[in-house]
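Dear colleague,

I am passing on a structure for you to look over, and below it I have set out what was found in it. Please read the notes with the coordinates open beside them.

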Protein chains: 2
Amino acid sequence: MSKNTEHECDGISVGLVEKKLYTFAEPPNELTLASGARLGPISVAYETMGTLNDDKSNVILIAHALSGDSHVAGYYSAADPKPGWWNTMVGPGKGIDTDRYFVICSNVLGSCMGTTGPSSTNPATGRPYGLDFPMVTIGDMVKVQKALLDHLGIGKLLAVIGGSIGGMQVLEWAISYPETITAAILLATTTRHSALAIAFNEIGRQAIMSDPNFNKGDYYSGPKPDLGLALARMVGHVTYLSDEVMRSKFGRRLQDRDNLAFDFEANFQVESYLRHQGSKFVQRFDANSFLYITKAADYFDVGQQHGNDSEVEAFAKVKAKILVISFTSDWLYPTYQSRDMVNAMKKNGLDVSFCEIEAKCGHDAFLLPNERQSTLINRFLDRVSEEEKHDAL
Amino acid sequence: MSKNTEHECDGISVGLVEKKLYTFAEPPNELTLASGARLGPISVAYETMGTLNDDKSNVILIAHALSGDSHVAGYYSAADPKPGWWNTMVGPGKGIDTDRYFVICSNVLGSCMGTTGPSSTNPATGRPYGLDFPMVTIGDMVKVQKALLDHLGIGKLLAVIGGSIGGMQVLEWAISYPETITAAILLATTTRHSALAIAFNEIGRQAIMSDPNFNKGDYYSGPKPDLGLALARMVGHVTYLSDEVMRSKFGRRLQDRDNLAFDFEANFQVESYLRHQGSKFVQRFDANSFLYITKAADYFDVGQQHGNDSEVEAFAKVKAKILVISFTSDWLYPTYQSRDMVNAMKKNGLDVSFCEIEAKCGHDAFLLPNERQSTLINRFLDRVSEEEKHDAL
């Protein structure tokens with residue numbers, strides 16, 4: 001990134017960012033995935049903010065959730081109206097302070113925002129993979145991030161931070177690369193999906209796969225399964241909110257009308273909000289990527305995959321200092337799941353801080369401006385970077 | 001019903017029931033609906049159990065929920081393998097004791113289980129109504145029930161009982177016909193849908209209306225929108241359960257396999273359970289009826305429709321003694337909604353009993369065998385019938 005260019009926003013100048021691409025695993029040196037399948041070449045879209053310090057000790061990797069991308073914060077140009085997805089948290093002087101830290105964010109494997117996924121060209125056919133794309137796991141996503149860091153010459157991460165499915169990637173980092181990361185920050189996440197979370201993902205997948213335009217995933221040259229993907233997004237959206245926030249945001253308010261319409265149009269504001277969210281999403285996201293990433297999240301299971309069905313055993317490998325944050329109204333990954341995770345970590349004597357933040361916005365709370373969350377993350381990063389400097393003396 | 005025929009089940013003989021039909025509102029004397037539309041003729045499917053006593057003082061009306069029907073309990077024949085939907089609650093010696101009470105249950109207006117609905121023949125065209133069927137409200141459903149009771153010569157109800165959307169009908173009875181009902185029993189219900197409840201219904205409706213076989217509701221002579229209706233049912237099913245019951249029922253158990261399959265088939269048991277529920281539902285339910293009944297439930301709003309936006313004012317008309325039951329894990333109609341309802345009733349000095357039952361099964365709890373619920377209902381009915389007798393002296 002170019003730290004001398006600036007963007008004026010709300011009276012504050014912020015650095016501009018640039019989307020970059022790194023390609024590796026060129027055949028015949030494909031990456032071997034958890035399923036045993038081989039995949040290559042792989043391109044990773046990534047962005048950076050801040051300045052890498054001389055001893056490369058100020059690197060923070062941010063892992064995004066289901067529908068995120070590498071554009072975590074900042075603007076692409078001075079005319080760009082929309083900043084990255086976590087601009088409230090990441091930037092100069094913010095919770096994750098890019099005046100101090102060098103922030104990297106990459107698009108996950110299987111997505112459609114620049115990194116190789118089911119919509120990418122299959123070198124074997126010259127056409128998009130579709131469902132010929134191999135199943136990927138959270139572990140595979142992290143392997144790709146590791147390859148990117150190796151390429152950038154970064155051998156150590158001060159912290160890996162992520163919420164939701166991003167948090168799963170952080171857990172995978174802490175377990176699979178214990179020597180590489182100093183700290184792990186886990187927001188609104190879980191060590192494994194509950195049946196409830198799997199159920200909602202499965203409904204979304206069924207909506208996509210039931211769409212007649214789905215055509216077994218081979219829809220790139222024709223009409224897309226937009227109705228199915230929109231439905232999947234609507235289901236997702238409800239699970240990201242909470243009863244409370246929906247009550248205050250919409251209640252039973254009617255749309256453009258004083259009276260009940262007695263028809264099947266969107267009468268209530270919440271109905272038109274959901275329809276809007278659904279139709280907006282299909283313009284930017286690929287239905288197959290939705291299938292692959294939700295399945296990777298459903299498959300993720302720390303204990304089963306790393307500890308012979310024991311989370312305590314899985315966390316025995318971890319060395320990172322850990323901050324876990326959950327939100328009171330998050331019913332997708334409720335606080336009890338964070339507590340279970342923290343308990344399993346503590347049984348290994350790990351340095352874990354846990355905080356449940358009072359928030360009415362549901363699972364989405366980690367993405368929204370939250371003073372408490374920013375302060376907790378800022379101070380935790382402060383502490384671990386100070387301790388790192390001290391340990392290095 | 002014939003009280004001399006019996007059915008042997010689990011060693012207990014139970015009375016057989018018979019589905020009957022009452023047709024009224026023959027043109028030009030159609031029923032005027034809340035929307036102003038006129039509908040006729042209307043056929044109502046109903047069933048009765050128990051014996052009507054001489055002074056007709058032992059009548060209980062049971063109102064069913066979204067996908068229910070008139071077959072509340074008992075069997076249709078000695079060979080019938082499956083009893084009615086609330087057989088655990090209704091029958092000789094049960095919570096609602098058909099040795100003492102004469103129970104009536106009718107299928108709601110707009111449904112597809114015998115009562116007139118969108119799949120019925122439109123007399124104007126000789127073809128099924130489809131979306132030409134007028135929108136119906138909970139109030140319209142109750143008007144039809146009232147017409148049935150008038151036909152049966154029953155002027156007074158000892159009690160009206162219902163859960164979920166059935167509970168909304170009970171509220172409508174208590175407010176619109178205060179002189180007709182002595183007691184009202186409200187289970188897992190609400191005075192009006194929250195934005196969350198509307199959102200899930202809207203997702204179900206969108207799933208149906210997005211199905212290419214939907215054909216604007218005119219699908220009766222061709223393929224049906226089965227995929228959309230199945231999806232709607234899957235969404236519904238998740239909202240009827242709870243995180244807790246899904247955890248104990250399915251957890252992360254896999255289906256027929258020892259390992260993750262790395263494909264998009266149903267890997268987890270919860271996935272195949274949902275698919276099964278969806279495909280089972282399309283065999284017995286009409287997609288248009290799903291649209292009409294969920295919309296009626298979303299429109300229902302006691303304060304707005306009966307009290308100038310005040311529930312306290314709406315309940316001022318009520319005379320019935322009331323029992324309200326909610327369930328701890330019901331997140332579709334959470335306990336706080338029952339409490340609000342009870343408070344508004346109490347402000348009118350009504351005789352209200354309220355109980356929140358500890359249950360892990362979610363919204364569905366009212367339909368499942370529950371000793372506590374049975375006892376509460378049984379004793380409440382005991383009390384009100386005793387008080388009725390005393391008042392009549």
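**Strand pairing and the sheet in chain B**

B:Gly162 has B:Leu186 as its bridge partner in β14(B). Please keep in mind that this is a predicted model, in which local features need pLDDT of at least 70 and side-chain atom pairs count only at pLDDT 80 or more, while totals for chains, interfaces and linings use all residues. Residues are numbered from 1 along each chain as its sequence is written, and chains are lettered from A and ligands numbered from 1 in the order in which they are written.

Two strands are said to pair if DSSP finds at least two bridges between them. As for burial, a residue is buried if 20 or more other C-beta atoms lie within 10 Å of its own, exposed if 12 or fewer, and partly exposed in between, with the C-beta atoms placed from the backbone. Seven of the seven residues of β14(B) are buried, so this strand is largely enclosed by the rest of the structure.

These two strands belong to an open sheet of eight strands with mixed pairing, whose order in chain B is β3-β6-β10-β7-β13-β14-β15-β16. Its edge strands are β3 (20-24) and β16 (352-357) of chain B, each of which pairs on one side only. Neighbouring strands of the sheet are turned by 20° against each other on average, direction ignored; such angles are taken between axes that are lines fitted to C-alpha atoms, for helices over the stretch in contact, and they run from 0 to 180 degrees between N-to-C directions.

On to the next strand in the order, β6(B) pairs in the antiparallel sense with strand β10 (residues 102-106) of chain B over four bridges, and here B:Tyr46 stands opposite B:Ser106 in β10(B). Seven of the eight residues of strand β6 (residues 42-49) of chain B are buried, so β6(B), too, is largely enclosed by the rest of the structure.

B:Pro212 lies in the loop between α3 (195-210) and α4 (226-240) of chain B. This proline is partly exposed, because 13 other C-beta atoms are within 10 Å.

**Chain A as a whole**

Chain A has 11 helices and 16 strands, and 56% of its 393 residues count as buried. Its C-alpha trace spans about 75 × 50 × 50 Å along the principal axes. The radius of gyration, taken over C-alpha atoms, is 21 Å for chain A, which agrees with the value near 21 Å for a compact globule of 393 residues, the globule rule being 2.2 Å times the number of residues to the power 0.38.

In chain A, strand β7 (residues 59-63) and strand β10 (residues 102-106) pair in the parallel sense over four bridges, and A:Val103 in β10(A) is the bridge partner of A:Ile60. Helix α2 (residues 165-176) of chain A lies across β7, β13 (157-163) and β14 (181-187) of chain A, and runs at about 155° to β14(A).

**How the two chains meet**

With contact defined as C-beta atoms, placed from the backbone, that lie within 7 Å, 42 residues of chain A are in contact with 42 residues of chain B. On the side of chain A that touches chain B, the elements giving two or more residues are α3 (195-210), α4 (226-240), α5 (243-249), α6 (269-282) and α7 (287-299) of chain A, and α3(A) supplies the largest share, 12 residues. That side divides into 26 nonpolar, five polar and 11 charged residues, where Ala, Val, Leu, Ile, Met, Phe, Trp, Tyr, Cys and Pro count as nonpolar, Asp, Glu, Lys and Arg as charged, and the others, Gly among them, as polar.

A rotation of 180° with 0.0 Å of shift along its axis superposes chain A on chain B, with an RMSD of 0.0 Å. That is the relation of a two-fold axis, the superposition being by least squares on the C-alpha atoms of residues with pLDDT of at least 70 in both copies. Of the interface residues of chain A, 100% are also interface residues in chain B, so the copies meet through the same surface.

With best regards

How values were computed:
Two residues are in contact if their C-beta atoms, placed from the backbone, lie within 7 Å.
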